[in-house]
Amino acid sequence: MKLSSLVLLFSVLSIATFAQSVKTYQVKSPDGKIDITVTTGKTVSWSVKHEETDVILPSIISMSLDKGDVLGKNVVVKSAKTVAVNQAIKTPIYKKAEVKDNYNQLVLTFKGDYGLAFRAYNDGIAYRFVTVRKGNITVKNEEANFNFKDDDKAFLPFVNDYRNHDKFNTSFESHYDNINLSAIKKDTLAFMPVLVDLGNGKKAAILEADLQDYPGMYVTGSQDNGLKGVFAPYPTEEASKGINYVVSKRANYIAKTKGMRSFPWRVVVISTEDKQLANNDMMQRLAEPSRVKDISWIKPGKVAWDWWNDWNISHVDFKAGINVPTYKYYIDFAAANKLEYIIIDEGWSDDHDLNKFKLDVQEIVNYGKQKNVGVILWSTWYAITRDPDELFAKFSKMGVEGFKIDFIDRDDQKAVSSLYDLAQKADNNHLLVDYHGMYKPSGMQRTFPNVINCEGVKGLENMKWGVDNQPGYDVSIPFIRMMAGPMDYTPGAMRNASKAAFRPVNSNPMSQGTRSHQLAMYTIFEAPLQMLSDNPTTYREEQESTDFIAAVPTVFDETVALDGKVGEYVSIARRKGNTWFAGAMTNWDNRQIKVDLSFLGDGKYKAILFEDGVNADRDGTDYTRKVITVTSKDHLDIKMASGGGWAARFEKL
């Protein structure tokens with residue numbers, strides 16, 4: 001970290017205008033293209049420009065505490081300090097081995113023991129409140145505004161599945177509504193991230209980072225082409241309702257927390273090409289560094305999963321289901337294909353009491369160890385929080401490798417704090433955590449690398465009951481949801497259907513789109529713990545596809561976003577060691593794209609290619625496998641069918 005002088009990479013201006021108390025400050029990105037302006041006086045407002053484009057117009061921010069104390073009202077600036085940072089962050093369980101962290105920062109300290117930090121990166125900005133008060137404070141509300149110049153179109157995932165009639169109880173799964181800001185209906189909530197189209201190829205994504213001991217931010221429409229933050233009030237009464245832990249009453253404040261702390265970052269990522277959004281590192285830069293001192297025990301990998309395929313194995317001499325022979329079959333499949341884990345999903349225990357077994361878990365764990373396959377157990381959030389210290393210690397001693405913790409469906413302060421607490425206690429017992437029914441991760445995976453994946457995505461499970469336009473969603477999330485961190489989409493369907501042929505089926509479900517569309521997900525979707533969602537019998541019948549999936553790593557050394565357009569198509573390449581992997585997907589439109597192989601570097605490569613077959617528009621399982629030799633000077637012409645895709649592995653010769 002280097003302290004900068006005011007004449008170096010940015011300037012801080014203190015300009016008296018109209019009244020002595022009004023001051024204006026600026027901080028620019030290292031490349032000088034992004035400019036944050038902060039005005040202080042009766043209020044604090046911020047605005048952002050990218051070159052000549054107004055990204056955010058002046059927008060008021062504040063934080064209201066109890067007893068009428070408002071941080072950001074009638075402010076008196078005590079100091080304005082600047083710093084320039086240019087460093088690298090090691091990221092061993094990520095899509096690249098190292099992240100460049102280069103920004104200019106302005107910290108304003110105000111009378112009243114609080115301040116604001118603003119950071120300008122070459123690809124976006126972030127700000128956060130900081131308080132330095134003794135004891136605890138009660139936050140009644142936070143004012144976060146994002147005002148835009150025009151009535152821009154935005155991609156917004158709206159809350160649409162209230163649990164217990166509470167709009168803050170939701171699964172955080174929704175397709176995107178691509179609508180004008182003015183069309184946002186009153187009292188609707190969209191969860192993060194959201195993406196705003198600024199025109200002329202530029203876009204602005206709104207996110208939050210380092211969300212700890214505080215509620216997550218939603219947005220809703222505001223006047224003057226704006227979005228404003230909304231936060232879940234603190235829960236005061238809760239109850240177990242089925243497998244959900246729901247809120248029946250909430251307080252008139254959003255958080256009670258330590259008075260000496262930093263609050264979550266409010267983030268705007270700015271792109272000039274859509275593909276930049278598919279390879280963004282803002283969450284890694286802004287998250288608290290790892291609290292896990294020794295990460296050597298954390299093992300990313302792939303999982304043979306049971307629930308999506310309804311335990312539907314066949315050609316065996318036992319009754320398939322939630323029983324020991326079935327899970328030994330899954331373990332044998334995982335071992336044969338060098339998969340690291342299996343998951344025992346819902347049904348192995350009482351949903352509310354993990355000490356009440358319905359299955360001989362120990363026998364399955366022991367069998368897995370013989371085959372070098374780890375076992376991960378499913379649990380509701382309610383069940384694991386009854387006594388996490390004892391439960392984690394017990395199952396770790398049994399040899400269980402981790403927990404898939406499900407049906408959280410909240411991001412109020414209590415839920416957020418609980419997930420960090422569970423991550424720490426899991427680490428204490430060397431257990432992995434996969435959070436389902438989960439809000440966007442917002443940097444948690446850097447702070448606790450044992451949180452190996454998070455849901456917060458409308459994934460493949462929805463094919464069991466049917467949704468419209470899943471391929472369009474598949475080529476939207478790499479540019480939006482994936483910026484917030486890894487996502488447990490659970491790909492791998494081997495029954496693949498065209499738009500006309502698809503139908504919802506629970507027990508033998510199918511996917512929308514082609515086989516190559518599914519294979520491409522293993523490279524495109526970030527998931528340090530990645531599922532194989534279909535059943536082992538089917539994978540054995542489709543060994544060619546299974547071999548390709550099994551060879552794709554779940555963490556990488558380098559990532560290159562090749563091309564794409566939000567909601568239309570995406571293509572990404574990733575490197576592990578000397579081997580490159582690449583994938584492309586399209587929406588329901590058939591499409592032809594050109595893939596430039598310049599990312600390969602020197603030498604010749606053996607390319608194993610999976611392409612949509614000539615009849616894939618009618619039968620989604622139709623694909624062609626090719627093996628060719630290529631160099632970095634080559635270009636590949638890729639034809640994708642409706643809902644199609646392309647997947648490749650490049651082995652250096």
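Visitor: Is Asp-35 buried or exposed?
Guide: This is a predicted model, in which local features need pLDDT of at least 70, side-chain atom pairs count only at pLDDT 80 or more, and totals for chains, interfaces and linings use all residues. Residues are numbered from 1 along each chain as its sequence is written, and side-chain values use heavy atoms, leaving out hydrogens and water. Buried means under 20% relative accessible area, exposed means over 50%, and partly exposed lies in between (1.4 Å probe, protein chains only). At 15% relative accessible area, Asp-35 is buried.

Visitor: With which residue does Asp-35 form a salt bridge?
Guide: A salt bridge needs a side-chain nitrogen of Lys or Arg within 4 Å of a carboxyl oxygen of Asp or Glu. The closest N and O atoms of this pair are 2.9 Å apart.

Visitor: How many residues apart are Arg-163 and Asp-409?
Guide: Their side chains meet in a salt bridge, 2.7 Å from N to O. Arg-163 sits in the loop between strands E10 (153–157) and E11 (176–180), and Asp-409 in the loop between strand E24 (402–406) and helix H7 (413–428). Helices (H or I, at least four residues) and strands (E, at least two) are DSSP runs, numbered from the N terminus. The pair links distant parts of the chain, with a separation of 246 residues.

Visitor: What relative accessibility does Asp-409 have?
Guide: Asp-409 is the acidic partner of Arg-163 in the salt bridge. Asp-409 counts as buried because its relative accessibility is 2%.

Visitor: Which strands hold Glu-208 and Arg-266?
Guide: The side chains of Glu-208 and Arg-266 form a salt bridge with an N to O distance of 2.6 Å. Both residues are buried. They are 58 residues apart, so the bridge links distant parts of the chain. Glu-208 is in E14 (residues 202–209), and Arg-266 is in E20 (residues 265–271).

Visitor: Which residues do salt bridges with shared partners join into one network?
Guide: The structure holds 39 salt bridges. Those that share partners build one network from Asp-166, Glu-238, Arg-250, Arg-410, Asp-412 and Lys-414.

Visitor: Which residues does Trp-348 touch, beyond four places in sequence?
Guide: Trp-348 lies in the loop between strand E22 (341–344) and helix H4 (361–370). At 0% relative accessibility, it is buried. A contact means heavy atoms within 4.5 Å. Trp-348 touches Ile-322, Leu-354, Phe-357, Lys-358, Leu-359, Val-361, Leu-377, Trp-378, Phe-395 and Phe-403.

Visitor: What distance separates the C-alpha atoms of Lys-67 and Lys-140?
Guide: Lys-67 occupies the loop between strands E4 (53–65) and E5 (70–71). Lys-67 is exposed, at 83% relative accessible area. Along the chain, Lys-67 and Lys-140 are 73 residues apart. Their C-alpha atoms are separated by 9.6 Å.

Visitor: What percentage of contacts between residues at least 6 apart join residues at least 24 apart?
Guide: The protein has 12 helices and 37 strands. Buried residues make up 62% of its 653 residues. Among contacts between residues at least 6 apart in sequence, the share joining residues at least 24 apart is 71%.

Visitor: What radius of gyration does the protein have?
Guide: The radius is taken over C-alpha atoms, and the globule rule is 2.2 Å times the number of residues to the power 0.38. A compact globule of 653 residues would have a radius near 26 Å. The protein agrees with this, at 25 Å.
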